[in-house]
Amino acid sequence: MKFVVIGFGQCGGRIADEFARLGKRAKSQRGIEIITGAFAVNTDTADLSGLSCIKPDYQHRILIGGRKTGGHGVGKINEMGAEIAREDSDKIIDAMRTTRRFFESDAFLLVASSAGGTGSGTIPILTQLIKERYGDKPIYNLIVLPFEHEEATEERTVYNSAVCLKSAYSVADAIFLIDNQRYVKKDSSVRNNMSHINTLMVEPFYNLLCAGEEKKRKHIGAKTLDAGDIIQTLVGWTAIGYGKSPLSIFRLPLDRNRNFRKKSAETNKGTYAMNEAISQLSLNCNPRDAARALYLLAAPAREMSMELVKELGDCLRDITSQDTIIRSGDYPREKGLLDVTIVLSELKDVGKVREYYGKSTELIGDMKKRREDIEDKLQGIEKAAKDIPSLL
Ligand SMILES: Nc1nc2c(ncn2[C@@H]2O[C@H](COP(=O)(O)OP(=O)(O)OP(=O)(O)O)[C@@H](O)[C@H]2O)c(=O)[nH]1
Ligand SMILES: [Mg+2]
C-alpha cells in the first residue's frame, strides 16, 4: 500500500519525516515503494529546517501563515492554525499535486499532534479539503495524544485535543490514535528522546505497507494482505501495535524428528509476538470494542505455516468480540525475526477521547467564567479612568 504523508506542526512534521525515512528504507532494503510523497507543513520556520528526510525545497517543507506568525508558530492557538490552513490550503494542495508519484498513491495519511496549535488546527481543515477534491481515495489521520504531564499542567492541551479529535473524526475515514504516554513506559528518559518515540510509532507501518507491494514470488505470502484489506479494515478510531520475537531465543535442540516440540515452539514464538503487539498498542483500549481488526505475520518463509497464521487468528479472536471482522496475512520476508502487526479499528469506545470531551466541556464553562471576571475587572478600571483626560 502506498501512502502520501503530510505532517502538520512540529510533531506532525517530524513523524512525516520518519515516514519519509521508512519509504527510503523500503526502497533500499526491499526495492519497493510505499511512500509516494512526504510533506511537512508548519507556521514555524525553525521546525521545518530541523527535518532530515523530507526534501528541503519549499514545495515539500511548506511554510504557511508566514505573514501572520512571522514564522514563529501559533503558540497553541488552534483557531489561528485553522484560519491559516483555510487561507493557505492552495499552497499545500498545489505542492502535493505536482509531485511525480502523487497519482499512484492508495491513500492519504495526515499527521499531527492534538495538543499544539498549528497541527491540531490545520489537520481537520486539510482533511476536509483533500476529501472534497480527492474523494476516491481514503484519507486517514494519525493523531498523537499528549503526555500526562502536559495534560496536568496546561489546560489548552486538553481543550485543543478535544476540539481536534471531534473535528477530525467528522471528516477522516479513520484516525490512528497514538498516545505519547504509552511510549514513556518505565524508562522516563524516553520522554526526552522524541526521535526514538517517533521511530517506535512509525515502525508498525513498515511491513503493513510493504506486504502488498512485493513483486518477487518468494516474498509473497500464502495470503497476501494488500491495500484492499487495509482499506476495508480502517474505519473510525483505530489503534496499531507491533511485536517481535527474535528466533534465536527459541532455538531448540537439533532434533528434527520431534515435531511436536518444533510445532509448539513455533506457536510460542507467534503468541509471544502477538502478545507483545497487543500490549504495545498505540492506545489503551479494549479490543472487544473493535468492530474490525487485522494482523500480519512476517517471518522467514521456513518459520511460517498456515497453522501458525490460524493460531494467531484464534488468539486475536479470543480477545476481540465474536462479531469483529478479522483480516489477516502472512509475509515471508524477515530474517532471524518473527513479528506481528495488529490493527484494531472501528473502536466503539475510546476512554481517552471520552475523557478529553468531558474535561473540555467543564473547561469551556470555567474559561467563560474567567473571561467574564476579567471583563468585569477591566470595566472597573475603565470606569475609574472616566474623568481622566487622554492624550490621544
Ligand atoms: N511523539 C511526538 N510528540 C511530539 C513531538 N513534538 C511535539 N510533540 C507533542 O506535540 C504536542 C505539541 O504540539 P506541536 O506539534 O509541538 O505543536 P504545533 O502543531 O507545532 O503547534 P504550535 O507550536 O502551537 O504552533 C505535545 O503534546 C508534544 O508532546 C514529536 O516529535 N514526537
Ligand atoms: Mg510548533
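## Strand E8

Nine of the ten residues of strand E8, residues 290-299, are buried, so the rest of the structure largely encloses this strand. The model is a predicted one.

E8 has two pairing partners in the sheet. With strand E10 (residues 337-347), E8 pairs in the antiparallel sense over eight bridges. Within that pairing, alanine 298 stands opposite aspartate 339 of E10. With strand E9 (residues 325-332), E8 runs parallel, and eight bridges join the two. Here arginine 292 has isoleucine 325 of E9 as its bridge partner.

## The crossover and helix H12

E8, helix H12 and E9 make a β-α-β unit. The unit is right-handed, and its helix spans residues 306-319.

Ten strands form an open sheet with mixed pairing. The strand order is E3-E2-E1-E4-E5-E6-E7-E10-E8-E9. Strand E3 (61-63) and E9 are the edge strands, and each pairs on one side only. From one strand to the next, the twist averages 20 degrees.

E10 also pairs with strand E7 (residues 236-246). That pairing is antiparallel and has eight bridges. Glycine 243 stands opposite valine 340 of E10.

As for the side chains, in a regular strand they alternate between the two faces of the sheet.

## Helix H4

Helix H4, residues 78-97, packs on the sheet. H4 touches strand E1 (3-8), strand E2 (35-42), E3 and strand E4 (107-113). The direction of H4 makes about 160 degrees with that of E3.

## Cysteines

How many disulfides does the structure hold? The count is zero. Cysteine 11 is in no disulfide. The nearest cysteine sulfur to that of cysteine 11 belongs to cysteine 164, 11 Å away.

A disulfide needs the two sulfur atoms within 2.5 Å. Cysteine 285 counts as buried because its relative accessibility is 15%, and the cut-off for buried is under 20%.

Conventions: Residues numbered from 1 in each chain as written. Chains lettered and ligands numbered in written order. Predicted model: local features only at pLDDT ≥ 70, side-chain atom pairs only at ≥ 80, totals over all residues. Heavy atoms only, no water. Buried < 20%, exposed > 50% of the residue type's maximum accessible area, 1.4 Å probe, protein only. Helix = DSSP H or I, 4+ residues; strand = E, 2+ residues; numbered from the N terminus. Pairing = 2+ DSSP bridges. Right-handed = clockwise from strand over helix to strand, strands pointing away. Axes fitted to C-alpha atoms, helices over the stretch in contact; angles between N-to-C directions. Contact = heavy atoms within 4.5 Å.
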